[in-house]
Amino acid sequence: MLNYIWLIPLFPLLGFILNGGFGLWKVARTGNRPAKPFVYCVACGSILFSLLLSLSCFWALLQLDPDARIWEIEIFSWIHGPAIQTVTGDLANFHISWGFQLDPLSAVMILVVTGVGFLIHVYSIGYMAEEEEGFYRFFAYMNLFMFMMLTLVLANNYLLMFVGWEGVGLCSYLLIGYYIHKKSAGDAAKKAFVVNRIGDFGFIIGMLMIFTYFGSLDFTEVFQGVEEMFPTPETFWGPLCWIALLLFIGAAGKSAQIPLYVWLPDAMEGPTPVSALIHAATMVTAGVYMVARSSAIYSRAPDVLLIVVVVGLGTALLAASIAMFQQDIKRVLAYSTVSQLGYMFAALGVGAAAAGIFHLMTHAFFKALLFLGSGSVIAALHHEQDMRKMGGLKKYLPRTWWTMGIATLAIAGVPGLAGFFSKDEILWRSFSNPEGHAVFWLVGVLVAGMTAFYMMRMMFLTFHGEERLSPEVASHVHESPSVMTVPLVILAVGSVFAGYLGLPAWLGPNVFEHFLEPAFETSYHGAGASVQAAHSTEILLTLVSVALAGLGIYLAYHFFLKHKEKAAQLRERFSGLHQVIYNKYYVDEAYDVLFVSGGTGWGRFFGAKNWGRFLSAFDNNVVDGAVNNSAAMTKFLAWGSGKVDIHLVDRIVNLVAEMFESLSKVLKKIQTGLVQRYALFFVIGIILVISFYLYMGV
Amino acid sequence: MVDITHYLVLSTIVFSIGVVGVLTRRNVIIILMSIELMLNSVNLNLVAFSDQLQDPSGQVFAIFVITVAAAEAAVGLGIIIALFRNKETVNVDEIDLMRG
Amino acid sequence: MKARPLYLLISPFAMEATLFYILATMLVVFAILTVTAANPVRSAVYLISALLGMAGLFFLLQAEFVGAVQILVYVGGIMVLFLFVIMLVSVREVETQRRANRQWKTALVLGIVLSFELVYFVVQGADVFRIDTISQDLIIESQTLNTETVAGLLYSTYLLPFEIASVLLLVAMIAAVVLTQKQL
């Protein structure tokens, strides 16, 4: 069974080809769209097959011995590259294969992706029911996305993972911009792609560095090389830190961390299932997956781990603060996603990769549920997304209400639900791990409180309180069809029970972490190595976080249910601060000035027209000037040469002559012409000679 | 007891007197006479050794010295006369035609 | 006058020493006078006296022939020639002019230095010169006359130098005649 894991990505690819190809052909031929049932069956069927195959492969993996739970197959040899010299001086072949590997980490990922993906596909049948023109395109792109995501997750080398990485970015662009008649959708799609690309730049350089250091891009070989070349973590900023940092830049782009998070809120322009699938459950988690996969590298680069934690928690805090004031229901969820992703990166940064993946899984459940639920609300209100025009929908959309309620409680960290276990694990680890710190825990707890607050605010504003619906909407509001609500229920069940796979140490076994251990054996400590800290501390911290969550819920209740006027009052008093946060701290505006319009300015400055101007100015002034002035130059040179000749050369010559003259003047005095003087010299000489002989010893 | 050292010392003293005379006097004839003194001191030296070594060669040499001295005196005085005819002086420090 | 035994006064050694010192003093004194006399005529006469003293020393050194030749040739020939030329040349303005030139101080110093050095030279090497302890007996016992000895050497071993000396004298004579011609 495990030899068929290559079929898991293949089914969605076939779905894409079938739906897309057939659809295009049909439209070109007849102008009609393909039949909806056909499209639905192909799209959802392919994902269903993938899901079933994933489950059976997972089961097959479980049959294996826990130490040997890794299954690699190579489909074909993709790139036969030249031999390149690595840092160690050996020659390494740049050989990349299209290969898949199944180990606990990728098994978890494919289950999440196919499971949640399938439910979202089914939901989309209902959500996109009114689409007449492009629905086959939608499902084709959704399938393509699934193919890319599964390739990413199942890849056994960095380059193939990067293929999936780029692919999901492409599909994100295609799907965000699905509403081709909306300019804002197109802009948002472009923004997402460009910001992603910035991150990919770091990823590519990181990959190149990996190859030059370890001679391969294959995970097994690279991590083996890391273990050999760097047995202990780097104590200074060395090559591993550079690699880790560059890869993290890529992850920050894909998983919307500071400073590359700005695309995700705008990505809400796409249809809600897209937001659910891509921007909640799967694509944005690719960064987390990649960092977790590379834990061998990250665990040995403590400086970068610190950066990861700081960036993650900073993002979490920033996004949570913005989410508290958003009016668009999807924007609230988008910032919530960014914030939760920050949690995951914080977990990775303190060395608790298993906890990060655990939160990834639980988050997939409740965030997908939240988005789908909000989609249900939006659909019921004829695509109204502003929460100021909602309220009291509980009685119209009961199923949506209680499923979303469960998800909200889960994300808030209410005990007993999935989010509580995963978030609590992260908070505990950020406090107690060797790389952790009390400050990290403090920030995390603060964000947890904020999360509870804004999520309950969303709930209250949407489902409770007075109805603020516009009249034409109010008349048509009704619950969504089963095809949409059944996935909600299933996801709600997951939101409740998924957490029990990862019980905290003081409650019971952490099956999830135990299962993931072999995947992290190449990292320095091993994934989330159990910390010898007291249970009592953990329980205390848990109580604190629960209390804060409760406080958040209460505050939301207080301001948005009971005394709405107080919220308005506070908004008045702190209007400046409110403005800033409501406008997302003007980050988008800053980027625009610095890079977007600023960039066009630079482009214009260095543009072709200016280049021509530069050249003609150069030609007129410098070149012609040189030509015209060459005569003056020659004159100047001649003058200079003359001066040199007179003042320097002649002086030297005259000096020589004068030297001899003065010398001879002196010597002239000896030649007096008087013979007796000469005789005197004679005698002096004689005396000297005799003295010499006397000195030599008579 | 007069041994050869006495003669030799006497010879050197006379020689030095002659040297001083050559270097000091302005009159060219007296210079010539000082030269004769020097030659004579040498003669004394020769003869003293001849006596010491009982070898007549020293005396023969002394005769030759006297001969040469005579020739030299004759020529020298001829030069002085020629000089006097041209320069009207016998003071050597007035004759600096070769002055550089 | 002390009563000295006569034989002491006339013993050969004492006589030699006495004669030597007398003659030596005479020589030196007259030599100095030669060099320092103002009048060239006087200087010439002093030189004659010095040469006579020298001749006496020659006689003392058992070189009678050289002594005789000294008197005959040196004094009788050369010094007479000097006197002739003096009379020809420097009769008029001799007394009024100064005797020494500008460098006489240096020359004097040099002369003293030279004398001291040479004396030192001689005195230091005195034991070198004492090759044989000459006994006067040998001299007295010599049978041939000094003149004969010299002549015998002169015409045998030193014949060539003798002939050359003759030629030299001839040349000198011609030179003197040529140099003093009124027109060359």
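Guide: Chain C gives 74 residues to its contact with chain B, and chain B gives 62; two residues are in contact if their C-beta atoms, placed from the backbone, lie within 7 Å. On the chain C side, the elements that supply two or more residues are α2 (12-36), α3 (40-60), α4 (64-89), α5 (104-124), α6 (126-129), α8 (146-154) and α9 (159-179) of chain C. Such helices are DSSP runs of H or I with at least four residues, numbered from the N terminus. The largest share of this side, 14 residues, belongs to α4(C). Sorted by class, the side of chain C that touches chain B holds 59 nonpolar, 13 polar and two charged residues. Here Ala, Val, Leu, Ile, Met, Phe, Trp, Tyr, Cys and Pro count as nonpolar, Asp, Glu, Lys and Arg as charged, and the others, Gly among them, as polar.

All of this comes from a predicted model, in which local features need pLDDT of at least 70 and side-chain atom pairs count only at pLDDT 80 or more, while totals for chains, interfaces and linings use all residues. Residues are numbered from 1 along each chain as its sequence is written, and chains are lettered from A and ligands numbered from 1 in the order in which they are written. For chain C the average pLDDT, the predictor's confidence in each residue from 0 to 100, is 84, and 80% of the residues score at least 70. The model scores ipTM 0.92 and pTM 0.62.

Chain B also touches chain A, with ten residues from each of the two chains. On chain B's side of that contact, six residues are nonpolar, one is polar and three are charged.
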